[in-house]
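Dear colleague,

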Amino acid sequence: MIEPFGNQYIVARPVYSTNAFEEEHKKRDRHHKTFLDHLKVCCSCSTQKAKRIVLSLFPIASWLPAYRFKEWLLSDIVSGISTGMVSVLQGLAFALLVTVPPGYGLYAAFFPAIIYLFFGTSKHISVGPFPILSVMVGVAVTRMVPDTGITTPESSNNSSELSDSILNDRKVVVAATVSLFAGIIQLALGILRIGFVVIYLSESLISGFTTAAAVHVLVSQLKFILQLQVPSHTDPFSIFKVLESVFTQIEKTNIADLVTALIILLIVFIVKEINQHFKDKLPVPIPIEFIMTVIATGVSYGFDFQTRFNVSVVGNMEAGFMPPVTPDVGIIQDTIGDCFGIAIVAFAVSFSVASVYSLKHDYPLDGNQELIALGLGNIVSGAFRGFAGSTALSRSAVQESTGGKTQIAGLISAIIVLIVIVAIGFLLEPLQKSVLAALALGNLKGMLMQFAEIGRLWRKDKYDCVIWIMTFIFTIVLGLGLGLAASVAFQLLTIVFRTQFPKCSTLANIGRSNIYKNKKDYLDMYEPEGVKIFRCPSPIYFANIHFFRQKLIDAVGFNPLRILRKRNKALRKIRKLQKQGLLQVTPKGFICTVYAIKDSDEELDNNQIEVLDQPINTTDLPFQIDWNDLPLNIEVPKISLHSLILDFSAVSFLDVSSMRGLKSILKEFIRIKVDVYIVGTDDDFIEKLIRCEFFDDEVKNSIFFLTIHDAVLHILMKKDYSTSKFNSSQEKDGKMDFTINTNGGLRNREYQVPVETRF
């Protein structure tokens, strides 16, 4: 019964152990589904289920019939045109990161957008090339097709062009194969419904990884901005080797490329800041990448930069689509790690961006279907000589901010890319590669600004801050593939560390109520005499059971096993003295007639130490032993603790290894006459203990109580603090009803408890 009284409440109910609660409140019979039950549901078929499957596999079938042409079409067209221009330029720029000719980036911008229109569940993301993924694909390409960057003056121009063409074709095949197999991994993960794998990439890890990847992108583009011949490196510490190669050739820098890139970077940064600050006032963001590309292409063509300044340009842009490429199966076994990393990172980035817009516009998102959509997009893109893609935050922001309502905007953007591929791509042939590199760097500002996360994370959670820093270091030093794997391993290690060394605490009553808090945190604390309340805030398993034991020993102030052994040794001495008639028992205590006892049996005790670990048996003695009042010549550590409460409300599971350790700890306390109570566990916890035959004659299932306060009240009654004041009818009934007042009082509903026993 709960009685409200102003800002206080009065609770009147019996003191419940878990057994008493289950006796009074019968549990409902529940059928827990087995694997076969789930399999039957999976294999069953009905019209509604078939329709639901079709709609889930083809989300376009659910939203296209409800499309509002009059309200949305114009917004989607405007958004699609703006996004399409950005997609064209980013496709060209990010192709440099893959180390393939820029024209192939258009394929990577076209095919995934078309596939996502039919299979994707997000209405606002723009699918296509992403700089981090492009670098990851480029790492695999560079490792499989090394480019030393060394040219021989003696070779003719024709043979040089022929070798470059063969090298580029090989790079395209590797990039396509890696992207296709990454798409297969994504598709398999989606079909198997295990999209949850992305949860192992925390926000801190993703932030640190993308920041480090942005640094890799920055370093990789230096050779295009400075137009230097830099050998490729893919092994650990490769970023430092690239920097060394750049600085050793710095005197060979092409000044025209450098100046052009710096001007483009400066203007792009300024205009992007204007777009950001005035996004509420501008109808659409200023398409600065498109504007600068048109100007740079015109200037390069008009002043013939390629001939006059020997700049590197995009070059031949073949109109139309290339025939599909046959994947090289031999590449897969050497790039399986890269493929898996690309698949996971692509999904993690895409899903995180899509989640932002799904929450903003309030529509559902299916992670497994997103995996299927991205996987099919990468498979088709890889088959047609493209490379792996995901979504870029800047491109998706353009699509959403310019009024995009559905993926019709994505279709329009794909049409813009298609027009460039089949009709006007040749216009971009004079465009300098340094301009594309500058545009790629211009999209890294948001990622590089994530360095500010370090200070914020340090203030909020130091573990997350360490994860960010270590992820950044691993990715910079080891590279993207190994760095991601090492970062995930380190993140999981921090979780193990936090559970292996939990912050255990000793609780006490606060405010003379039913509230128990860490006794170190508050001033007005009450701890019942002889009672210790110990809280463990993490699961207990094989890795932390020894830590749990040590923390418990530190909390109670003694080692129960040591006390048990001391008492068994003392019991041997008492038996020996009693048999020899050297020990007499009086109402005032023991009288020993000998002052010195030879420990002739010490060697036996040390050799058979397990004998001392057994329960203390005094049934053969004609008297009871008070272990705090022994003969002067028999020393045993005195303890005032008579009850120990273990708060397991935060213990989510207990494995078999720790179960044995916990049972051993409980037995040690029980054998020295310390009652142990466990509180706050759920029913599944106790059921598991029963299945594992945890209970026996010493450790019984009656030690479980619902709450800490239930256990404390039970101890007070059991130790005769208040039960002596109750009448015989209450004692026979066995249920004590209490009223707990928040202003400090514990009283029986019919009898007032004396002041000295109140909380």
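**A β-α-β unit and a helix**

Strand S11, helix H27 (residues 656-671) and strand S12 form a right-handed β-α-β unit, right-handed meaning that, with the strands pointing away from the viewer, the path from the first strand over the helix to the second runs clockwise. Helices (H or I, at least four residues) and strands (E, at least two) are DSSP runs, numbered from the N terminus. This is a predicted model, in which local features need pLDDT of at least 70 and side-chain atom pairs count only at pLDDT 80 or more, while totals for chains, interfaces and linings use all residues. Residues are numbered from 1 along each chain as its sequence is written, and side-chain values use heavy atoms, with hydrogens and water left out.

S11 (residues 643-647) is joined by five bridges to S8 (residues 531-535), running parallel, and by five bridges to S12 (residues 675-679), also parallel; two strands pair if DSSP finds at least two bridges between them. Ile645 is the bridge partner of Ile533 and stands opposite Tyr677 in S12. Both faces of S11 are covered, with Ser643, Ile645 and Asp647 buried on one side and Leu644 and Leu646 on the other, where buried means under 20% relative accessible area (1.4 Å probe, protein chains only).

Just after H25, Gly581 takes a positive phi of about 75°.

Best regards

Key
Buried < 20%, exposed > 50% of the residue type's maximum accessible area, 1.4 Å probe, protein only.
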